[in-house]
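Subject: A structure for you to explore

Hi there,

Here is the structure I promised to pass on to you. Please open it beside this email, so that you can find each residue as you read.

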Amino acid sequence: MGFDDDENYGGYTYGVEDNRALEPEPVDNAPLTMPVPSAVHQIVSIRTNRFEDASLAVDELKAGRTVALNVQAATVEVTRRIIDFVSGAVYARDGHIAQIATGTYLIAPHSVDVRDETRSPRYF
């Protein structure tokens, strides 16, 4: 037995050409593409006249979504309670709240930068 390319072991012939595991695989040099996210940020609109629905806005804020909260149909007392409740959650989450129209508020998590270009910043 020598070091020939073809050797016979027990009736089987092994040759160098049979060892395909050592052959290099062809490399695909195509550029990698990253998947595009379907939505970078979501905005949820909530229209209510009941205090019980204030927790819906807070739940959306906790989930990292911005909320447009419309309380125009609520009474002054209910509006005050809703805004007090939501403001507490915004403060606890280090978020932002801004009145964007009469009876409409923008509630955003900390990761969203809220700017009012028309007036000086208001903090609730």
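Below is what I found, going from the whole chain down to single residues.

First, some ground rules: this is a predicted model, so local features need pLDDT of at least 70 and side-chain atom pairs count only at pLDDT 80 or more, while totals for chains, interfaces and linings use all residues. Residues are numbered from 1 along each chain as its sequence is written, and side-chain values use heavy atoms, with hydrogens and water left out.

**The whole chain**

The chain has 2 helices and 6 strands. Helices (H or I, at least four residues) and strands (E, at least two) are DSSP runs, numbered from the N terminus. Read from the N terminus on, the order of the elements is β-β-β-α-β-α-β-β.

How many of the 124 residues are buried, as a percentage? The share is 29%. Here buried means under 20% relative accessible area, exposed means over 50%, and partly exposed is in between (1.4 Å probe, protein chains only).

Contacts are worth a look too, where contact means heavy atoms within 4.5 Å. Of the contacts in the chain with a separation of 6 or more, 48% are between residues 24 or more positions apart.

**The two helices**

The axes of H1 and H2 come within 9 Å and cross at roughly 20 degrees. That angle makes H1 roughly parallel to H2. Axes are lines fitted to C-alpha atoms, for helices over the stretch in contact, and angles run from 0 to 180 degrees between N-to-C directions. Angles under 35 degrees count as roughly parallel, over 145 as roughly antiparallel, 65 to 115 as roughly perpendicular and the rest as oblique.

Which residues of H1 meet H2? They are Ala54, Ser55, Ala57, Val58 and Leu61, and their partners in H2 are Ile82, Phe85, Val86, Ala89 and Val90.

Asp84 is in helix H2 and is exposed, with a relative accessible area of 53%. The C-alpha atoms of Asp84 and Ala54 are separated by 9.7 Å, although these residues are 30 residues apart along the chain. Val76 also has its place in helix H2, and at 63% relative accessibility Val76 counts as exposed. Between the C-alpha atoms of Val76 and Gly103, 27 residues apart along the chain, the separation is 9.7 Å.

**An aromatic pair**

Rings of Phe, Tyr and Trp (its six-membered ring) pair if their centres lie within 6.5 Å; planes under 30 degrees apart count as stacked, over 60 as edge-to-face and the rest as tilted. By this rule there is 1 aromatic pair. Phe51 and Phe85 form it edge-to-face, with 5.8 Å centre to centre and 75 degrees between the planes. Phe51 lies in the loop between strand E3 (43–47) and helix H1 (54–62), and Phe85 lies in helix H2 (residues 76–92), so the pair ties together parts that are 34 residues apart in sequence. Phe51 is partly exposed at 23% relative accessibility, and Phe85 is partly exposed at 37%.

Phe51 has another neighbour: the charged end of Arg81 sits over its ring, 4.0 Å from the centre. A charge sits over a ring if NZ of Lys or CZ of Arg is within 6 Å of the ring centre and within 35 degrees of the ring normal.

**Residues in loops and in a strand**

Ala74 lies in the loop between strand E4 (66–70) and H2, and is buried, with a relative accessible area of 13%. Ala74 touches Thr48, Asn49 and Thr79, not counting residues up to four places away in sequence. Ala74 and Thr48 are 26 residues apart in sequence and 7.0 Å apart in space, C-alpha to C-alpha.

His41 is in the loop between strand E2 (12–14) and E3, and is partly exposed at 34% relative accessible area. The C-alpha atoms of His41 and Arg65, 24 residues apart along the chain, are separated by 6.9 Å.

Finally, look at Asp94, in the loop between H2 and strand E5 (96–101). Most residues other than glycine have a negative phi. Phi of Asp94, however, is positive, near 60 degrees.

Happy exploring!
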